[in-house]
Amino acid sequence: MIEIVATDREQQRRALSASDGDNLMELLRDHDLEVEAVCGGCCSCATCHVLIDNDWFDRLPARGALETELLSLSDHFDDRLSRLSCQLTASPQLHGLQLTIAPED
Amino acid sequence: MTATDREQELRTLAQRALAHFQKRTTDQAADVLAEPIAAYTDETQYQREVERIFRQLPIALGLSIELPGAGSYLAMDAAGVPLLLVRGSDNQARAFLNVCRHRGSPLCKPGSGKRRTFSCPYHAWTYSDQGALLSVYAEDLFGDIDKDQLGLVELPCAERAGLLWGALTPGVHFDIDDWLGDFAPELQTLDLGSWHLYTQRDLPGPGWKVTMDGYLEVYHHNSVHGQTVGQHTIGNLLVLDQYGPHQRMTFGRRSIGTLADQPESQWQPLEHIRLIHSGFPNLSVSGILGGHCLVSQIFPGPTPDITITRQSVLAAEPPTSDAAIQATEAFSAMVLQAVQDEDYVIGAGIQSVIHAGANEEFLIGRNEPAVQHYHRNIARFMAGDNRVAR
């Protein structure tokens, strides 16, 4: 089991159990965290925005150009923290990853 | 217009209303107008008129306060056109056709909200809050397209006097300042951009002209509105001013006669008159004493016998105290009753017998000059007259 620690918009921390290969947007959505994910995970709509805990950001696969472009439209974009959760996949290396659901735009 | 000029103008309106009250008169048109019944019933004429009057001329699409910040949007059907209004991150309000450029799915469901990107529910093509096509899902597999040419189709749109104006045909001539003329500063006195939007509702109603006629005369107030707004206004007393196709109606309140006993310098005109601003062809703004305001937008339905009225109830301040909430709720309930249960019940009655053959014409009296003006402007624009005409 891979543990992902998510902080929701009410600042509640929740530990979520994931399997290797799980899509993080789907994981958050399945646990009723507030990711809208209008496009269903196509890296298209930018409504599954999360802020990655500092220590973890650089350990993720690099952010794509389109992902960056979409994220930069958000009022809460942080170049050093922002990711689209649909572009992230759970893996043993990410056990203990901490993230926060970005505030609503 | 300075505050002093406005005070003087309101005093003049009160004088005109008081004079009518004392003489039992009203502003009048030169003659009775006989409007052929086909103007209300003929399907072909109706479709031509809706196309010209509602889709090619500027109309009021909404209130500025309906788009309170960057990314706020409003999706609705307007005269058969799928409309998406969005305030972009540059703070500019824009109007688009609410249709994806891929294979034509509506982008947003009817309603309002706030978002920075707009993703199509069909294949997730995503547009910015300024209408640009941002991303195409699996673009590498889709094939070559020029995304710069595939932004949402934009409609002419401008904000004036706290209202969102637009035209429902892409690329059609649109000069909002010319269209509004002197009506713009007049509307500006209402300061609609600073009100609080208390509630909104869409009311199904009778046909376009049956509905609009009722918004443009006070002849029916005693007979129809005895339980509601008629208690506050004098039936059949109208002071009318015209601004091209647009009009300002001044009604007398029941207290108007008391002004005769006061020196003019002490008059508080707005306690004794009521103003209705009518923007051709679909807007009515009714400011009521006590910090409440009713904005009505009338949209023609698919056939000559149906309209949808978008009714917006505004409060000068967001009501917070129990008393303020109660007063706003009472106002909202009163205007709903007056329109839905009084005006539109009469209108539904008219629609139910309009094909009975009783009338070859509807008669619009000399005491209904604003209704006459509205019908004459329809005729003028249908005849190809493009001037706004002052």
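This is a predicted model: local features need pLDDT of at least 70, side-chain atom pairs count only at pLDDT 80 or more; totals for chains, interfaces and linings use all residues.
Student: Let us start with chain A. How do strands β1 and β2 pair?
Tutor: Strand β1 of chain A, residues 2–7, and strand β2 of chain A, residues 13–18, pair in the antiparallel sense over six bridges.

Student: Which residue in β2(A) is the bridge partner of A:Ile4?
Tutor: A:Leu16 is the bridge partner of A:Ile4.

Student: And what do β1(A) and β2(A) form?
Tutor: They form a hairpin with five residues between the two strands. In the turn, A:Gln11 has a positive phi of about 65°.

Student: Moving to chain B, what is the order of the open sheet of five strands?
Tutor: The order is β6-β3-β4-β5-β10, with antiparallel pairing.

Student: Why is one side of β6 and of β10 left without a neighbour in the sheet?
Tutor: β6 (111–114) and β10 (154–155) of chain B stand at the edges and have a single partner strand each, so one side of each lacks a neighbour in the sheet.

Student: How many bridges join β3 and β4 of chain B?
Tutor: Six bridges, in the antiparallel sense, pair β3 (residues 72–78) with β4 (residues 81–87) of chain B. Within β4(B), B:Leu85 is the bridge partner of B:Leu74.

Student: Now the largest pocket: how much space lies in it?
Tutor: About 450 Å³.

Student: Which residues lie nearest its centre?
Tutor: Of the 21 residues that line the largest pocket, B:Val210, B:Asp213, B:Gly214, B:Glu217 and B:Ile350 lie nearest its centre.

Student: Which elements each supply at least two residues of that lining?
Tutor: α7 (208–215), α9 (322–353) and β20 (361–364) of chain B do.

Student: How do the lining residues divide?
Tutor: The lining of the largest pocket has 13 nonpolar, four polar and four charged residues.

Note on methods. Residues are numbered from 1 along each chain as its sequence is written. Chains are lettered from A and ligands numbered from 1 in the order in which they are written. Side-chain values use heavy atoms; hydrogens and water are left out. Two strands pair if DSSP finds at least two bridges between them. Helices (H or I, at least four residues) and strands (E, at least two) are DSSP runs, numbered from the N terminus. On a 1 Å grid over the protein atoms alone, a cavity is a set of points where a 1.4 Å probe fits but cannot get out, and a pocket is an open set with protein on both sides within 12 Å along at least five of seven lines; lining residues have an atom within 4 Å of a point. Grid points are joined across faces, edges and corners, and a volume is the space filled by probe spheres set on the points. Ala, Val, Leu, Ile, Met, Phe, Trp, Tyr, Cys and Pro count as nonpolar, Asp, Glu, Lys and Arg as charged, and the others, Gly among them, as polar.
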